[in-house]
Amino acid sequence: FLIIANIGLFISSNGSFGGSVFLKLHFGDTRRLEMPSFFDFSLINSIRDMWKAKTYALSILVAMMSCIWPYTKLIMMLVVWFVPATILSKERRQTLLKLLDELGKWSLLDSFFMVLMVVGFHFIIHFPIVDPNFIDKENVAYLWVYPAYGFLTLIGGTLFSLALSHIMCAIDRYIKNREKFSITRNDSKDKKICVFKEQNLATKIILPIFIPFQLALFIVGITCHSFSFKFVGLTGWALDLLSTPYEANYTVVELAYKFPISCEYSNSFNVRFIQIVYIITAIITPMLHIVAIAISLFVPLTKKWLN
């Protein structure tokens with residue numbers, strides 16, 4: 001039931017707009033002109049626009065990992081859940097579930113892309129005051145992106161899917177290891193193992209070098225410019241004319257704190273929820289993953305804790 005509900009949530013999300021772009025003009029402090037949405041982007045038109053912009057690799061990657069793969073994963077989970085062990089052996093079932101669980105993280109790609117779109121489309125234009133004798137307050141144009149229903153349900157559906165695969169893996173491990181743990185639980189309950197000591201000399205040299213290098217590489221990666229937005233055509237010309245940058249570069253960390261200020265209602269539930277999920281999945285979890293690898297390698301732990 002939960003898997004089918006998850007598929008329904010993805011269908012609902014992919015069929016809806018992920019965000020809407022609004023232009024609002026402020027004429028001094030007295031008048032405001034708010035226009036209806038002049039551009040709505042969804043998963044499908046984002047893939048199409050990336051293809052037209054000749055970013056073929058990104059277009060194919062988003063289409064595969066955020067459009068085709070989420071449904072494939074959930075359908076395969078349904079098959080694994082119902083197919084008996086006489087057809088799908090326990091070992092193959094466990095391998096398949098682990099593979100689905102690990103590859104499921106790639107479904108977050110489109111959520112990161114949508115965060116980038118919200119930040120990249122936002123800009124503020126201050127029009128110069130021509131005659132200060134008659135005009136003392138400048139006119140300002142704001143371009144906002146509103147995170148719509150499709151954006152929120154996409155993130156919710158992806159987290160839902162990740163949780164389901166974790167739960168199914170846990171159930172499968174419990175069933176497979178129930179007898180083994182019942183026999184060996186008392187014998188090896190307090191015995192601690194240091195994985196590092198069990199390795200050969202080459203591995204003992206390589207792993208202590210690779211783990212800090214991996215952490216350093218990740219920190220450099222999230223603090224370097226990873227994304228670039230460039231407005232061209234009439235929009236780019238107008239921005240350049242008004243001395244407003246028409247090209248912007250962003251890092252993974254910058255996207256985290258610039259996302260709320262790129263939305264008109266910075267403290268709304270939708271905005272803060274998306275920001276928190278982005279920070280956890282794109283920054284905190286990868287770093288904790290590397291730290292956890294180091295702990296499991298060097299710190300003596302029981303088999304239960306290692307598992």
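What follows is a short walk through a predicted model, with something to select at each stop.

**Stop 1: a patch on the surface**

Select Trp 81, Phe 82, Ile 167, Ile 171, Tyr 174 and Ile 175. Together they form a nonpolar patch on the surface, with about 670 Å² of accessible area. Now color helices α3 (56–82) and α6 (149–184). Each of these supplies at least two residues of the patch. Which helix gives the largest share? That is α6, with four residues.

Zoom in on Ile 175, which sits in helix α6. Ile 175 counts as partly exposed because its relative accessible area is 40%, between the limits of 20% and 50%.

**Stop 2: a buried lysine**

Stay with helix α3 and select Lys 73. Is Lys 73 buried or exposed? Lys 73 is buried, yet it has no salt bridge. The nearest side chain of opposite charge belongs to Asp 101, 5.4 Å away. A salt bridge needs the nitrogen and the carboxyl oxygen within 4 Å.

A polar contact of 3.0 Å joins its side chain to that of Lys 73. Then show the surroundings. Leaving out residues up to four places away in sequence, Lys 73 touches Leu 100, Gly 104, Ser 161, Leu 162 and Ser 165.

**Stop 3: the salt bridges**

How many salt bridges does the structure hold? There are two.

For one, select Arg 93 and Asp 172. Their closest N and O atoms are 2.6 Å apart. This pair links distant parts of the chain: Arg 93 lies in helix α4 (residues 90–103) and Asp 172 in helix α6, 79 residues apart. Both Arg 93 and Asp 172 are buried.

For the other, select Lys 105 and Asp 101. Here the closest N and O atoms are 3.6 Å apart. Check the cover on each partner. Asp 101 is buried, because its relative accessible area is 11%, under the 20% limit. Lys 105 is partly exposed, since its relative accessibility is 37%.

**Stop 4: an exposed phenylalanine**

Finish in helix α7 (residues 201–223) and select Phe 210. Why does Phe 210 count as exposed? Because its relative accessibility is 54%, over the 50% limit.

Key. Residues numbered from 1 in each chain as written. Predicted model: local features only at pLDDT ≥ 70, side-chain atom pairs only at ≥ 80, totals over all residues. Heavy atoms only, no water. Patch = residues over 30% accessible without salt bridge, like charges linked within 9 Å, V, L, I, M, F, W, Y side chains within 5 Å. Areas by Shrake-Rupley, 256 points an atom, 1.4 Å probe, with all protein chains shown as cover. Buried < 20%, exposed > 50% of the residue type's maximum accessible area, 1.4 Å probe, protein only. Lys, Arg positive; Asp, Glu negative; His and termini not counted. Polar contact = N/O pair within 3.5 Å; in protein donor to acceptor, adjacent residues only side chain to side chain. Contact = heavy atoms within 4.5 Å.
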